[in-house]
Amino acid sequence: MTTTNHQFRLAARPVGMPKREDWSYTEEPVREPGEGELLVKVLYLSLDPAMRGWMNEGKSYIPPVGIGEVMRAGAVGRVIASKHPGFAVGDHVSGSFGVQEYALSNGKGVTKVDTSFAALPVYLGTLGMPGMTAYFGLLDIGKPQPGNTVVVSGAAGAVGTVVGQIAKLKGCRVVGIAGGADKCRYIVDELGFDAAIDYKSEDVKKALRTHCPNGIDVYFDNVGGDILDAALTQLAMRARIIICGAISQYNNTTPVKGPSNYLALLVNRASMTGMVVFDYAARYGEAAREMAGWMAAGKLKSREDIVEGLQTFPDTLLKLFKGENTGKLVLKVANE
């Protein structure tokens, strides 16, 4: 019997928040892998803020998803057929398999994962792209030193939760900015942040003065906009700012709001550096080994926010932009 593959393809370039009409839900028969190929049954999909940028036309760090193409997405799954020497039926793997039930691959960018160490969704979060982003962004660009004050926005998200925990492991004081009392409690009580600022109910600029009396040494920015501006007013001398994302700006229908307080960089001899995790691909193994060690020792916690059903994809993706997820947002596509 022929197996059917259901997929979400990009039907239109979104204006503002993506709508269900921006996608087409398609199906096609699954073909057997050819020589050098493997067939993966997708089990979990990674939903990431970066997906919004991939939908836009224009120059970026990665080509946009084409109209009519399967939506790009990281995923984990199980190999169900293989004519590739590096992969056997039954192997669990991660890769950029797209928003679909089955994926054919030539093996490029596909890695085996060990489900005896961690559950599959963890390889989309702490041991996946968000964890790598946190690790290299904080350690390579932020260069935190013991006693430094590290502030992270989007602190209850997939990247922010890991940034804060690694900063604590490096002996820093950590302040997280998150939306809502529950998220703020979570990062302090469960993850060990020193303080949390609820941007929905507090004056962020005033709260940063309270919690960072000696200034911010490292600011890891996931949201951009007004919160980035507030952080710029509280920099310590020679502060390092990592520009990882700007989720507050991704669905704008007006021009992106840039930092109006950028002269603080001059006054404080500070640096602001953009980072894209793919630049560190050759070193992913190094980060994964160290973070896996921290997890095994109970020093690094992982949390996944899992929603079931491929068909929910258009609505589930919006949870990211409405601030409705805590930890890594994952879409469960199928059971083993």
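Me: Domain bounds here come from an automatic or database domain assignment. So which domains is the protein divided into?

Reply: Domain 1 covers 4-124 + 303-332, and domain 2 covers 129-278. Their centres, taken over C-alpha atoms, are 28 Å apart. Domain 1 brings 20 residues to the contact and domain 2 brings 13, with contact meaning heavy atoms within 4.5 Å. This is a predicted model, where local features need pLDDT of at least 70 and side-chain atom pairs pLDDT 80 or more, while totals for chains, interfaces and linings use all residues. Residues are numbered from 1 along each chain as its sequence is written, and side-chain values use heavy atoms, leaving out hydrogens and water.

Me: How much area do domain 1 and domain 2 bury between them?

Reply: The size of an interface is often given as the accessible area lost when the parts come together. Here that's about 1,400 Å², with 64% of it on carbon and sulfur atoms (1.4 Å probe, summed over both parts). On the domain 1 side, Y61, R303 and T326 lose the most, together 25% of what that side buries.

Me: How many residue pairs are in polar contact across the interface?

Reply: Three, both residues of each pair being at pLDDT 80 or more. A polar contact pairs N or O atoms within 3.5 Å, one able to donate a hydrogen and the other to accept it; residues adjacent in sequence count only if both atoms are side-chain atoms. In domain 1, α1 (50-54) and α9 (313-321) each supply at least two residues of the side touching domain 2 (helices are DSSP runs of H or I, at least four residues).

Notes: Buried area = accessible area lost by both parts, 1.4 Å probe.
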